[in-house]
Structure formats: structure tokens, C-alpha cells
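Here are my notes on this model, written for a first reading. Keep the structure open beside them and look up each place as you go.

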Amino acid sequence: MTSRSTLAAWLAGLDGARLARVIVARKDAVAPPEPRSTEEVAERLQRPGSVARALPQLPLPCLQVAETLAALGTLSRGTLARNLGATASAAARELDVVLEVLADHALVWPDGDGDLHMAAPLRHAWDAPLGLDAPLEKLLEGVTSEELRGMLVALGIKPVGTRQQRVAAVLEHHSDPERVASMIAKAPSAARELLRRRAESVSPQKESIVFGAPEADSRPGARWALDRGFLVCDHHGYGRDRMPAEVALALRGPDWHAPFQPVPPATELVFVTAVEVNREAAAAATAFAAHAASVLSVCSAAPPARLKSGGVGARELSRIGKTAHAVDVVVRIALETAYSVGLLATDGPRVAPTKEYDAWAAQAPAARFAVLLQAWWKLPLTPSQSRDEDNKALPALAGTPLCDGCMQARGGLLAAAAGLPEGRGARVATDLGPLVAWHRPLAHPSFSDETPFATTVREAELLGVVARGSLSPLGAALLAGDAEELAAECRRLLPEATGTARLGGDLTAVVSGTPAACLAELLDATAARETSGAASVWRFSANSIRRALDAGRTPEAISAELAAIAAGPLPQPLSYLIADAARRHGRVRIAPAACVIHGDEPALLAELAAHRGLTSLGLRQLAPTVLVSAAAPDRTLAALRSEGYAPVAEAADGTVRIEKVPPRRAAAVPTPRKTSAKTGTGRVAGRAAEAPTVDEARTLAARLLNVPPTAPEPGPFGTGVPFGTDTEEIVAGYATQLTYADVRQLGHALDAGTAITVEYVAASGSRTVRTLSRLELDPPYLEAWCHLRDAERVFTLSRIHSVMPA
């Protein structure tokens with residue numbers, strides 16, 4: 001019985017609750033179209049891509065058990081325990097827990113005889129599992145009959161006739177670990193040392209290749225080992241010598257066992273209360289929400305420029321941070337998360353907010369923060385560590401390779417914090433790093449981290465996901481994957497937006513908490529922001545009021561709007577400031593010519609003409625109330641303002657030119673519409689359907705277990721089930737490399753307009769994995785938008801070798 005049919009039989013024998021656990025753990029196996037049988041579920045679970053998605057989510061002991069089975073093959077539970085050194089009662093119980101987790105992921109399962117089987121792709125997940133090379137039988141496939149005869153003679157065995165018999169004789173000899181170890185113990189010292197080092201190494205040694213292949217017996221002792229089959233020359237691997245797994249295990253001895261660490265590493269803990277965790281998480285989340293809003297507001301007023309290589313450079317990051325009063329890490333996280341959810345988009349040479357940003361900015365602080373927090377949780381990169389030669393942000397925009405390990409690191413951090421005893425937290429939050437490595441061993445920390453995963457921990461603290469070295473309610477909601485619970489926790493921890501400000505006689509406006517969008521807009525228009533965070537401070541000045549007047553506001557409107565948001569009466573100094581700025585505003589006017597300055601006060605015009613600071617403008621007085629400037633209007637306007645005057649610009653018709661510039665908005669990322677050549681109709685390409693909930697998984701499990709066995713004919717691929725749509729039948733006729741489940745998923749993606757991931761083999765033989773959207777079937781071709789090439793591409797259906805939901 002094959003591994004796949006064994007998995008199908010095991011799935012069919014489960015009860016509904018257990019099968020639902022498998023569905024929840026491996027949601028991609030039940031992605032639309034819904035599988036019709038446990039056989040189809042088993043086929044999807046055995047896809048290499050599906051197994052590759054499941055492995056990074058497992059803790060260290062699960063990977064250690066899986067690696068042991070990949071190295072040693074099918075084992076009984078008792079044999080596995082002995083190989084892991086887990087025969088003691090406590091370790092045995094831990095091993096049972098690990099095997100349950102692997103079974104829930106359909107990676108390892110028991111058969112009726114108690115032997116443990118594993119998903120076929122697991123055998124190829126490690127180049128050398130446990131540091132072991134291939135078994136002897138595999139390595140002898142390239143050895144000639146005459147070479148086998150020489151091995152038998154060297155081993156002291158009478159050579160037999162056929163090659164098959166000689167292979168069997170060598171295998172029988174090497175299958176006895178004691179005999180192998182005894183013979184090697186009597187070998188020349190150079191051979192013993194060479195074989196000992198090779199048995200202890202973590203991977204097969206490779207020779208340096210300069211010109212041609214190296215001699216297999218170039219090292220002392222190699223010839224003796226090769227003659228006896230303790231090393232085998234790989235003629236397909238540039239002549240390098242390889243040690244069979246049986247020989248390595250014999251040399252490691254009966255006391256050797258595979259690594260197995262079922263208990264996470266110890267961490268120094270301190271007592272913390274829920275009140276302390278909530279308080280710190282709320283403070284961190286509130287501060288980040290306010291700073292992020294300021295960062296995106298700055299981007300709305302002055303969209304940052306893109307570098308030629310993509311992304312936003314260090315100079316723009318510094319400008320945004322200085323204007324928004326936010327540190328670099330906050331700026332980076334805010335930009336990356338906003339870009340990932342479509343609040344920012346490319347707009348020619350700049351990165352500008354979209355219309356979605358306006359809707360986001362109008363929401364309450366809790367809702368705004370929830371959007372950015374979920375985006376951070378799903379980011380395939382570490383935003384505060386997105387460094388390169390330009391020190392730029394937005395690496396996704398720059399085409400920087402993304403890494404699923406970043407998401408796994410965040411998942412491992414939250415899992416590690418959730419596993420701490422109740423009421424306890426890490427003494428220092430970065431002490432959680434080793435726990436992250438245990439919970440997600442395939443997640444790699446940043447190369448610049450002084451302690452493992454320190455960058456990820458710092459980001460989590462900044463967002464309030466981890467507080468006082470413990471998991472906060474926000475982190476618990478993220479880990480549970482419950483969007484409604486996360487929104488509720490954000491509303492509970494973050495205060496409502498503040499709609500009033502305390503206006504002081506020192507010309508400041510102080511807002512406690514997060515200012516409402518309309519309040520922040522008014523204060524940004526009439527004052528200069530000095531600080532942001534838990535409390536934000538703006539300062540009024542003659543220049544800030546002049547900017548508001550330039551934007552078309554009247555003095556009366558400014559006073560009325562500020563009085564409406566003030567916690568008390570409008571301070572007298574602020575009223576005087578507005579009145580004085582209004583009195584001076586527009587006394588001088590600049591009309592387009594190149595250019596003419598005119599006003600109603602001859603003394604003021606004479607003052608301008610004699611002003612030394614304005615000599616660069618080349619001012620000449622044509623009349624008591626008219627000056628001509630040699631500079632352009634905008635330059636003249638700026639020069640007069642820099643000297644403390646408050647001129648206004650005129651339009652060509654003599655009216656005052658309002659300087660309020662509408663905010664720049666980038667177009668949202670379009671969802672292109674594809675037109676069918678057959679029907680002439682169009683459809684919008686959508687996203688893949690959401691994964692099933694726990695209740696949906698239980699319902700699906702019950703339905704699958706109630707499906708009666710089908711006859712092997714006459715259905716496609718011997719399933720006994722007919723094609724569901726014409727699209728499936730067309731795909732099956734051309735995509736001959738695909739299985740029944742793959743054909744169904746590709747057909748569903750075509751009909752529903754969802755994205756898919758395919759393994760594609762080009763005419764050159766090269767294999768690539770591509771995510772495709774905007775699919776259009778034109779047999780024998782598939783037209784699609786290729787996310788790898790970021791362009792439209794045409795694919796030959798017969799060269800698609802597997803399909804996965806995107």
C-alpha cells in the first residue's frame with residue numbers, strides 16, 4: 001500500500017472531531033473547490049507545497065521527530081522512542097503529545113499495525129536528515145557489478161554470480177551494526193579517523209571543484225573505505241564519496257540517539273498582574289496609533305518620493321519622522337503596514353495615500369489601530385529591519401525578496417508568550433528569543449540581532465502585543481485569529497478620539513490621547529505640531545495663522561473653529577495673534593507679470609523697495625503703490641514672507657489666489673477585468689476564499705466521512721466521480737501532468753476568478769513556483785498575470801505540474 005493510500009485510509013477511519021482538527025491545521029487542503037472525498041483531501045495533503053507550508057508552523061520537537069522518521073523510514077512507536085532516547089515515562093508522554101500534533105497536521109500517522117508513516121514530501125524536506133546520507137541500497141545503484149565483486153572480496157565474502165546477488169550480499173553484511181563497527185575498528189588509523197569524522201558530520205562532505213572531478217581516494221584512508229563499501233563513490237556527483245546511513249549509524253554506536261527536546265528552554269520569569277499588562281499594552285498601542293496617524297498625515301500633505309531602485313529612502317524617512325515627531329521604527333512600521341493594506345500606493349515617482357486612507361483616517365483610533373496591527377501580523381517581512389544599501393523602507397515596493405519566516409517569527413513569539421505560566425512574564429522581553437526559536441525553529445532571526453529575535457520582540461512591544469514580558473490581550477486575539485475579538489480588545493484598550501484641545505495663553509494647543517481626524521486637520525492647518533504620542537502639542541505663530549489665511553480661511557472662521565474645539569474660552573493672546581495676522585495679511589499683493597507688486601500703502605511699498613534683504617529681487621518703484629520685481633511671482637512671494645511680510649498672490653483676473661492644495665491621492669491598486677474570448681463577458685478577478693472556521697471544518701468533516709465509496713470507473717482519473725464543470729474537463733484534456741485535485745482547483749480558479757500558485761516547468765526544463773491571477777483559458781494555453789514577473793504571461797497547460805491555492 002502506498003503512502004498516499006495509507007493516508008486516505010487513515011483519514012477515512014477518523015471520527016468527525018479528529019478529521020476537523022486536521023482540516024483546521026491544514027486549511028489549504030480544503031480550499032475551494034470543496035474536496036469531494038477523503039481520498040481527495042489526502043491527495044491535497046500530500047502536495048509538496050502543502051507540506052512546505054505546514055512545517056514552519058511546528059515547534060522544535062515536532063520537527064525533530066519528523067526528521068528522525070525522514071532519516072530512518074517507517075518505524076514502530078517503540079523503535080522511534082528508542083532512537084530518540086525517549087523511553088522514560090515523562091519523555092514518552094511528551095513523545096505521544098508530539099505524535100498527536102504531527103497527526104493533527106497529517107504529517108505522521110499510525111497504521112493498523114502500530115507503525116508510523118509519514119507524508120512522502122517529508123523525505124525530501126532535509127538534504128541529510130540527522131546528518132545521514134542515503135541508505136546503502138540507494139548509493140549502490142550506480143556501482144558496477146565488478147566494483148561490487150571487489151567490495152565482497154575486500155570484506156572477506158565469496159563473490160556470488162549476478163549483480164543483484166552481489167548487492168544483496170553487501171547489504172546483508174552492512175545491515176549488522178556490530179560487524180561493521182568491529183571491522184572499522186581494525187582499519188588503518190587514517191581510515192578510522194576519516195570514517196569517524198564523516199559519521200559525526202552533519203552533512204555529506206563535498207570536495208572543492210576547480211578543474212574536472214577530484215579523485216575519490218585523494219584523502220588518506222579513503223581508498224580502504226571505498227574498497228569495502230563503507231564509502232561509496234558517487235559518479236553522478238563529481239566523484240565525491242558518500243557514507244551510507246547504515247555505516248554512519250553503526251559508527252555512532254548503540255548509545256547514540258537522535259536529538260529530542262520536548263521541553264522549551266528555561267527563561268527567567270517575574271510576577272506580573274493582568275492590570276499591569278493591560279496598562280502597558282494600552283499605553284503602547286495608544287502611542288503607536290497616534291504616531292502612525294501623524295506619519296500617514298505627513299504623507300498625505302507631502303507624499304514621499306520613491307527611489308529609482310524602489311522604496312522610500314533614508315532622507316524621506318528622516319523628513320517624515322521629523323515632521324510627525326515619530327522615531328524611525330514607527331515610521332517604517334506605519335509605512336509598511338499602510339502600504340500592505342492599500343492605504344498607500346505608488347503614484348508616479350511618489351508614494352501617496354489612496355482614497356482608502358481618507359476612509360481609514362475618519363475612523364476611531366481603535367479601528368485604525370486594528371487595521372495596522374492585523375497588517376503587521378501578516379507582513380512577510382520585518383519592517384524595522386528592512387535595510388539595504390540605501391537604508392530604505394517599503395522593500396515590498398522595491399522588489400526585495402519576502403520571507404515567510406518573518407510571519408513565523410511573530411507567530412513563535414506569541415506562542416512562546418502564551419505558553420508562560422499565568423501571572424508570569426519574562427524578566428526582559430528579549431529573553432523570549434530562545435523560546436521563539438523553540439516554537440518556530442524554521443524562523444530565522446535578523447543577522448543584526450544581538451539576542452535571537454530581538455527586533456521582532458521590540459516591534460511587538462511597540463504595538464502592545466507583548467507587555468511586561470507577557471502576552472497582552474491584543475496578542476492573544478492575534479494568536480487566536482479572531483478579528484472580532486481583536487477589534488473588541490482595541491476598543492477596550494484604546495481611548496476614544498479626543499475632539500477638544502486645551503488652548504493656552506502661551507499659544508499652544510494640547511490634546512490628550514489621540515486627536516480626532518477633524519481636530520488634527522484643523523490644528524495642522526493653523527499651528528505647527530511640536531510633539532505627538534500620548535499627548536500632542538501644537539504651537540500657534542504668525543506664520544501658521546498666515547498659512548491658514550493663505551489657504552482661504554477667514555479670520556472669523558479661524559476664531560470660530562478654534563473656539564468650537566477649545567476646552568474653554570479662546571485665550572486673549574491667540575485672539576490678538578489671529579487679529580494681527582489678519583491685519584497684516586494681504587496688504588501687499590503680487591500679480592503675475594514677472595512680476596508686479598502693488599498695494600494701497602505707498603509707505604509700505606517704499607519700505608520694500610529700500611529693504612536690503614530683498615535686493616536680490618531687483619525691485620523698482622514705478623508708482624507710489626506699484627513695484628516691479630525681476631523674479632518670478634513664487635520666488636518673490638517666498639522672499640517677502642521670509643522677511644516677515646504677509647503678501648498674497650493674485651490670479652490673472654486680479655482675484656486672490658487661494659493656496660490650499662488638494663491632497664494628492666494615488667489610484668488604488670486596480671482589479672483588472674478580463675474579457676472571455678468565448679462569451680465576450682467580463683469578470684473581476686478576486687481573491688481566494690477565506691479558510692473555513694472551526695464549525696465549518698466540523699461540518700465538512702462529517703460530510704466527507706459520510707461520502708460512500710465510489711467505483712473506480714468511469715470517472716476521471718479513476719475516481720468514479722464525473723467532472724463538475726466543463727472548465728475542469730477542458731483543463732484535464734490539456735494539463736496532462738495534473739492530478740484530479742489539481743484539475744479541480746485550477747478549474748475553480750478559472751471559473752471563480754481567484755488566484756492560484758502553480759509549479760511551472762519551462763521549455764528549458766527550469767522549474768519555478770508562480771502565483772497567478774486574472775486567469776483566462778485559451779486552450780492549450782493559460783493567460784494570466786504573473787506575480788513573479790509582474791506582467792501578463794502565457795503558460796502552456798501541459799507544463800503546469802501542480803496547483804495550490806494562493
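1. Helices (H or I, at least four residues) and strands (E, at least two) are DSSP runs, numbered from the N terminus.

2. Some ground rules. This is a predicted model, where local features need pLDDT of at least 70, side-chain atom pairs count only at pLDDT 80 or more, and totals for chains, interfaces and linings use all residues. Residues are numbered from 1 along each chain as its sequence is written, and side-chain values use heavy atoms, with hydrogens and water left out.

3. Back to α32. It covers residues 694-705, 12 residues in all. Its first and last C-alpha atoms are 17 Å apart, close to the 16 Å expected at 1.5 Å a residue. That expected span is 1.5 Å times one less than the number of residues.

4. Which residues of α32 are buried? They are A697, L700, A701 and L704. Buried means under 20% relative accessible area, exposed over 50%, and partly exposed in between (1.4 Å probe, protein chains only). Seen down the axis of α32, the buried residues fall within an arc of 105°, so they line one face of the helix. The arc is that of the directions from the helix axis to the C-beta atoms. On the other side of α32, D695 and R698 are exposed. An α-helix has 3.6 residues a turn, so residues three or four places apart point the same way.

5. Now check the backbone. Most residues other than glycine have a negative phi, and most peptide bonds are trans. P32 and P33 are joined by a cis peptide bond, with omega about 0°. P33 sits in the loop between α2 and α3. Another cis bond links P779 and P780, with omega about 5°. P780 is in the loop between β24 (767-778) and β25 (781-786).

6. Look at phi next. L130 is not a glycine, yet its phi is positive, about 60°. It lies in the loop between β3 (115-118) and α8 (136-139). L130 counts as buried because its relative accessibility is 11%. R468 also has a positive phi, near 55°. Its loop runs between β10 (466-467) and β11 (470-471). R468 has 32% relative accessibility, so it counts as partly exposed.

7. Two strands pair if DSSP finds at least two bridges between them.

8. Find the hairpin. Strands β18 (residues 620-623) and β19 (residues 626-628) form it, with 2 residues between them. They pair in the antiparallel sense over 3 bridges. Q621 in this pairing faces L627 of β19.

9. Finally, the whole chain. It has 34 helices and 27 strands. Of its 806 residues, 47% are buried. Among contacts between residues at least 6 apart in sequence, 63% join residues at least 24 apart.

Conventions. Contact means heavy atoms within 4.5 Å.
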